[in-house]
Amino acid sequence: MSETHAPPGLEPETGTNDSPSVGTSGTFSLENILSENHDEVEHPGTEHTESGTGWDEEEAEKPVVDGYCVECEDQPAEVLCETCADIYCDVCYAAQHRKGSRKQHVVKPLSGKKAKTNGIAIASEPSGDAGEPVLCQMKVDGAESNEDSDDEEWERVSGTTIEILGAQPAVGAHVGDWFVERAKFIPLRLTLPERKYLRLLEAALTVSEYTDKIDTLGFGLSKAKRIVFQIRELCAIMSGLMISADYKRGQELFTDRDFQANAEFYQTVFELGRRHKIMNPDKMRTTYGKLIYLLQDSQMLEVKDLLNFSCVMPIKTVYVVLEEHEATDLLRDDLITVATKEIYSEGRPRRDVQRDIKNKERAIETLSNRYARNGLSQEKVKQCLYSIGDNHAFLRANRDPCEKMITYLKQYFHPTQVKEPHSSLAIRSGKGGARLSHDHSKQYAYVLQSLTLWREILHDMFHLWSLAEQDLLSENVPYRLRDTGQGLNRVQAAPKTSRMMHTILHKAQKSVGTWIGSSVIHMGDHNVPNALLFIDKYTQIYRILLPICNTLSQIPTLAAKSAIRSYIEDEFGSVDNCIREILGDFFRHGFDGSGADNFFDAGSCIDGRLTSAWNWCSSLEKKRYFPMFLLSGFIGFDGEW
């Protein structure tokens, strides 16, 4: 009879069967595995660790760096919550302690300055016998008496690392540092020679198939080699176009066909494209994505090693140019408000417009003579002033429609009362495609806060765009190619852009007093994969609101014609009723949480509000007031206005 052998390492210990304790405790043996103390058995050669790191176990969390916020872990802590025994930055503290029982937590600042968090001013010096921090309740306009309400207002977050500027100083007022902070993110206007290089770049990007070759699965070459090949191909196309446009200049640059030697030229051309796009969001709509993804890939270490040069250089801003020549006092000169003022003619006599033009030209000449110096010509100073003026034009076209819609909302609708049945803004889930259920007062507040948030975002769009490019082109934040339900997208975290957005959100919440719905900001997920798509989403706001504002402003003029007035009175009753019906439908169904391709997306989150507005735009042709849009010259929400 053959003898049965146990596998190596599982031989039974010698001893009697009724004495299982004879074997060494913890030894990897069959007897110990089958015993009651099997949890103590360790495999030979395996070191005991406190936390598992297997394929089905999460890695242990890294400890927070001393002095940093326990919530976001990337900002210095500024306050200590004594109740939670944790330290926070001001933004995270406000988010975690804005309502409920947490609002009553005792907090004190970590620095010597006074902290102001969640509506509580905390003195830095202890007071009283017990030495406890003194809590001084602030009086806030519009605060509700019920502290446990879900619609508690958010107080201004003080001491954050990101500064949000207010409105532009009035003409004749002291400007202070308003233009200094603003100019740090205003790109310099392109000169005529630079525009020639811009056309060269756009032509090369138009014929390039960069994203088709890189953002794909199952290709032959490694991704790094494909990236390098495509970048060099694009540079070669630009070289050829440069030679064909200016043969002498092209020969000087590309005689040796050395890409590394001409790195400065390529960096400059790429920077021109980025600068032009920020100043003109409606330009380069099909080529900017290729450009930014190309630069994103060029920041990878393995690509840099193969390419032997970097394609990225900082954006040239107004502040950078003036700082190089020690002329930043120009931005503090009170005359700059006149020199950069945007002049408009709507509803104004010609005489007033001509006077403003002469005053502006005189101010520009005065400042260019006053601050011109060696290395900084008068033309360069004028270019800086024109760039700031371009920023004001951007705000008028993008931000001001939000202001107009807020004015329309307050003019035609009451915050709490419904005077007429057709003036109600109430919506119900499932009716008319709505995803949300709000009564009139709640929908009024919901629309008001959404428009206010859009206004604040567009007011600081250049700052947001600067941070978005920093996130996209960061060497330390990689992306991953992922199917988000809308094709393959580059999913990448955007910490700087996200933090700026939370700061803007706090400001909007402070200004409106209450907050309805979700305050979730999607960033780096399947809804908003990266900062590029986030920026692209919010640069479309003026395409929605500007046509609506133009149509509403032209209805009274159209009504001056007897035939159109007869149509308006027969269909709507009066001009005011026509305007109120258009506004009411937009305020109801442009902010009803609809537009997502599934039940879990859209809704009342920050980005879902814009999705609902786009969904309303797609159904405009079915509305009975659509002829009024056509009569006012409406072409489409992507047309020229």
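**Figure 1. Buried residues across the whole predicted model.** Buried residues, meaning those under 20% relative accessible area with a 1.4 Å probe and protein chains only, make up 45% of the 641 residues in the protein. This is a predicted model, in which local features need pLDDT of at least 70, side-chain atom pairs count only at pLDDT 80 or more, and totals for chains, interfaces and linings use all residues. Residues are numbered from 1 along each chain as its sequence is written, and side-chain values use heavy atoms, with hydrogens and water left out. Contact means heavy atoms within 4.5 Å. Of the contacts between residues at least 6 apart in sequence, 66% join residues at least 24 apart.

Figure 2. Let's visit the loop between α22 (575-589) and α23 (606-618), where Cys-605 is found. Is Cys-605 buried or exposed? With a relative accessible area of 6%, Cys-605 is buried. Leaving aside neighbours within four places in sequence, Cys-605 is in contact with Ser-518, Val-520 and His-522. Ile-516 lies 89 residues from Cys-605 along the chain, and the C-alpha atoms of the two are separated by 9.8 Å.

**Figure 3. Helix α23 and its packing partners.** The buried residues of α23 include Ile-606, Leu-610, Ala-613, Trp-616 and Cys-617. Asp-607 and Arg-609 are also among the buried residues of α23. Which helices do the buried residues of α23 pack against? They pack against α16 (440-459), α18 (495-512), α19, α20 (541-558) and α22.

Figure 4. A cavity is a set of points on a 1 Å grid over the protein atoms alone where a 1.4 Å probe fits but cannot get out, and lining residues have an atom within 4 Å of a point. The elements giving two or more residues to the lining are α17 (461-472) and α19 (531-538). The largest share, 4 residues, comes from α17. Among the lining residues are Tyr-288, Trp-465, Glu-469 and Ile-535.

Conventions:
Buried < 20%, exposed > 50% of the residue type's maximum accessible area, 1.4 Å probe, protein only. 1 Å grid on protein atoms, 1.4 Å probe; cavity = no way out; pocket = protein on both sides within 12 Å on 5 of 7 lines; lining within 4 Å.
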